[in-house]
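This report covers helix packing, the relation between the chains, and salt bridges. The sequence and structure come first.

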2 protein chains.
Amino acid sequence: MLNFSKQKYLQVTGNATALRGQIEEIVDQVSQKGFKNIFLIGSGGAIATFYPFEFMINSTSTIPAYAEIAAEFVLQNHKQFTEDSLVILSSLSGTTQETVAAAKYCKERGATTIGLTGEANKPLADTVDFPIVNFAENDFAGDSNQLILYFLIFGLMHKHGDFPDYVTFASQLEELPEQLLAAKEHFEAQAENFAVTYKDEPYHMVVGAGNTWGRAYSYAMCVLEEMQWIKTKSIHAAEFFHGTLELVEEDTSMLLLKGEDEARPLMERVERFAERYTKKLTIIDTKDIELPGISEEFRQYLSPIVISTLLQRISVHLEDKRNHSLEIRRYYRTVAY
Amino acid sequence: MLNFSKQKYLQVTGNATALRGQIEEIVDQVSQKGFKNIFLIGSGGAIATFYPFEFMINSTSTIPAYAEIAAEFVLQNHKQFTEDSLVILSSLSGTTQETVAAAKYCKERGATTIGLTGEANKPLADTVDFPIVNFAENDFAGDSNQLILYFLIFGLMHKHGDFPDYVTFASQLEELPEQLLAAKEHFEAQAENFAVTYKDEPYHMVVGAGNTWGRAYSYAMCVLEEMQWIKTKSIHAAEFFHGTLELVEEDTSMLLLKGEDEARPLMERVERFAERYTKKLTIIDTKDIELPGISEEFRQYLSPIVISTLLQRISVHLEDKRNHSLEIRRYYRTVAY
C-alpha cells in the first residue's frame with residue numbers, strides 16, 4: 001500500500017487495544033461512583049468521532065448522551081451538565097485550546113473527566129481525572145481513538161446494564177486491527193481509482209446517516225477541505241432530500257458512506273436517487289468488507305471505524321495524485337487568529 | 001419592498017400570535033399531565049427551525065431536549081424516547097412523509113404529540129394530539145412557525161419553573177411582527193445589495209453558532225441550494241477553525257449570521273478571521289436591528305427569527321437578480337424517488 005507502514009499501523013492500533021484493561025478499570029471506577037449522563041466534548045475531527053458514539057448510545061442505552069462542540073459548550077451553560085456528569089474529551093495533540101478549556105471548565109464544576117489523547121504530560125492529560133494516552137500519528141489517530149472509544153463507551157453501557165455482550169465484543173475488538181488492515185488492502189485499488197478519477201474534482205457531496213454521519217461530516221471537513229482544499233457539502237442522507245438534492249447534475253460527485261446500522265435504508269434511498277441523476281457516484285459500503293472473527297450482530301457498531309480506515313486510504317492517494325501534501329495548511333497552526 | 005405584501009405578512013404573523021391563548025392551553029394540559037423530555041422532530045427546514053430551540057432549552061431549562069431528523073428517528077429506536085416524552089413535530093404542508101410517519105410512530109408508542117402545520121385536515125394535523133394550525137405561504141411560514149414555537153417552548157419552560165418571565169416575554173412577542181416588518185424595511189437595501197453583488201457567485205459559506213446555527217444550516221440548504229441551486233457549505237463558527245477555514249481565499253464568499261446569545265464570541269472570532277482573508281464578507285448582525293418594545297434580556301432569544309426574517313429578503317432579491325424563481329425544483333415533489 002502506498003505510503004503505509006503495516007508495522008506502524010499494527011503497533012499504534014495494537015497499543016490502543018492493549019489499553020483494554022486500563023479502560024475497563026476506568027469504567028469500573030466511574031460506574032461505581034455513578035453518573036447521570038455522558039458529555040462527549042471535542043472540536044472538529046474529535047467531535048465528529050464522537051457523533052457515531054452518541055448515536056449508538058441513544059440506540060442502545062438509557063444513559064443520556066450529549067455530543068457538544070467544545071468552544072460552544074464552555075459558553076452555553078448547558079443545564080444537563082452538572083457535577084454528576086461524566087465527560088469524555090479528546091485531543092490528539094493534547095493541546096487543542098478549546099478542548100483543554102472545556103476540560104478545565106468541567107473539572108472546576110466537579111464533573112468526572114476522561115481524556116483521550118496522543119500525548120501524556122500535555123494540557124489535556126494533565127487536566128482530566130482519567131487520561132487515556134496512546135501515541136498516534138495523524139493518519140492512524142482516528143482508528144486508535146475509535147478503538148479506545150469502543151472499549152470505553154460499550155464498557156460504560158455494559159456496566160449500566162444495557163449491553164450484556166460486552167465481554168465477547170471486547171475480545172473481538174482486540175482482533176480488529178488485523179481485520180482493518182485486511183480491509184485497507186482489499187480497498188486499495190478502489191482508493192487509488194477514486195483519487196485518479198476525481199483528482200481534479202472541485203466539489204464533493206459526502207453523504208452519511210446514523211453512525212456514519214459523523215464520518216461523512218469529518219471526511220468532508222477535516223480531509224477534503226482542510227488537507228486538500230477541495231470544497232465539500234457533507235449532508236445527512238435524510239436531509240439530502242430536503243434541499244441539497246437540487247444541486248445534483250450528472251457531473252456532481254457524490255460520495256456515499258453506507259454502514260450497517262439502523263439508518264442503512266436512508267443511505268439506500270440516496271443511492272437509488274444518485275444512480276439515476278449523477279454519473280459520478282462513489283459508494284463505500286461496509287457490507288463489502290469481510291471481518292472474520294467479528295460476530296454478525298456487532299458489525300453494525302463497527303461501520304464508523306471501517307469507513308474511516310478505508311477513507312484514510314483515499315486520502316493517501318489524493319495526496320499523491322493531486323500532489324498536495326496532507327500536511328500543508330494555509331492557516332491552521334500557521335497564522336494566529 | 002420587492003414582491004412583498006405588508007398586509008399579508010402582518011396577517012400571517014398576526015394569526016400566529018393570536019394563537020397564544022390556544023398554545024397556552026396546550027402548555028397547561030401537557031404540563032399537567034407531565035413529561036420527562038421533549039423531542040423536536042422534523043425534516044429539512046422544520047428540524048433546522050427546531051435547532052435554535054433545542055439550544056435555548058439546553059441553556060435555559062433542565063428539561064432534556066432532543067432535536068431529531070424524522071426519517072432517522074423512526075428507524076433508530078431512541079432509548080430516551082418513551083410514552084412519557086412530549087413530541088413536537090412540524091410540517092408546513094402537513095404532508096411531509098417522514099414527519100407524518102414520525103408522528104404516527106410517536107402516537108403508537110403513547111407519547112404526547114403536538115403538530116405545527118399550515119394545514120388542518122391534512123395527515124399531520126389529523127395524527128397528533130394537539131395540532132396548532134396557521135396557514136402560511138412558504139415565504140412567511142418560517143416567521144409564523146417560530147412565533148408559535150416561542151410561545152410553546154418558552155411556555156413549557158415557564159411551567160417547568162425555568163423561565164419566570166414568560167408572561168412579559170409573551171406580551172412582547174405579540175408586538176414582534178410589527179418589529180420584524182420594520183427590520184425587513186431597514187434591511188431592504190442591504191438585501192438588494194447582497195443579491196446584486198453575489199448574483200453570479202457559485203458558492204457561499206454560511207456560518208452560524210448557538211441559536212443562529214440552525215438558521216445558517218437551513219438558509220444554505222433550503223434556500224441557496226434548494227431554491228437557487230447554488231453550492232454552499234454551512235459551518236458552525238467553532239467548527240470553522242477545524243477544517244473549513246483552509247478553503248478561504250480572498251474571493252470566497254462568507255455569510256456570517258451573528259446573534260446575541262452566548263455563542264456570539266464564536267462568531268466574532270470568525271469575523272476577525274474573515275476580515276483578514278476574504279474580500280467577500282457579508283455579516284448579518286441582529287444587534288444592528290432595533291426592536292423597540294422588546295426588553296434587552298429577551299433579545300438573545302430572538303436572534304433566530306430576526307435573522308430569518310432578514311434572510312427572507314435576500315431570497316426575494318436573489319430570485320429577482322438571478323432570474324431564478326424560488327419555486328422551481330428539479331426533483332423535490334417533481335419526480336418520484
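## Helices H9 and H12 of chain A

In chain A, the axes of helix H9 (residues 213–225) and helix H12 (residues 296–322) come within 11 Å and cross at roughly 25°. Helices (H or I, at least four residues) and strands (E, at least two) are DSSP runs, numbered from the N terminus. Axes are lines fitted to C-alpha atoms, for helices over the stretch in contact, and angles run from 0 to 180 degrees between N-to-C directions. H9(A) and H12(A) are therefore roughly parallel to each other (angles under 35 degrees count as such).

From H9(A), A:Arg215, A:Tyr219, A:Val223 and A:Leu224 meet residues of H12(A), among them A:Pro304, A:Ile307, A:Leu311 and A:Leu318; contact means heavy atoms within 4.5 Å. By class, this contact of H9(A) with H12(A) holds 8 nonpolar, 2 polar and 1 charged residues. Ala, Val, Leu, Ile, Met, Phe, Trp, Tyr, Cys and Pro count as nonpolar, Asp, Glu, Lys and Arg as charged, and the others, Gly among them, as polar.

## Basis of the model

The model is predicted: local features need pLDDT of at least 70, side-chain atom pairs count only at pLDDT 80 or more, and totals for chains, interfaces and linings use all residues. Residues are numbered from 1 along each chain, chains are lettered from A and ligands numbered from 1 in written order, and side-chain values use heavy atoms, without hydrogens and water.

## Helices H8 and H12 of chain B

In chain B, the axes of helix H8 (residues 166–198) and helix H12 (residues 296–322) come within 7 Å, crossing at roughly 35°. The contact of H8(B) with H12(B) comprises 18 nonpolar, 5 polar and 5 charged residues.

## Relation of the chains

Chain A is superposed on chain B by a rotation of 180° with 0.0 Å of shift along its axis (RMSD 0.0 Å). The two copies are thus related as by a two-fold rotation axis. Superposition is by least squares on the C-alpha atoms of residues with pLDDT of at least 70 in both. In chain A, the residue closest to the rotation axis is A:Lys233, at 2.8 Å (C-alpha).

## Salt bridges

Over all chains there are 42 salt bridges (a side-chain nitrogen of Lys or Arg within 4 Å of a carboxyl oxygen of Asp or Glu). One joins A:Lys107 and A:Asp129, with the closest N and O atoms 3.6 Å apart.

Definitions and conventions. Angles under 35 degrees count as roughly parallel, over 145 as roughly antiparallel, 65 to 115 as roughly perpendicular and the rest as oblique.
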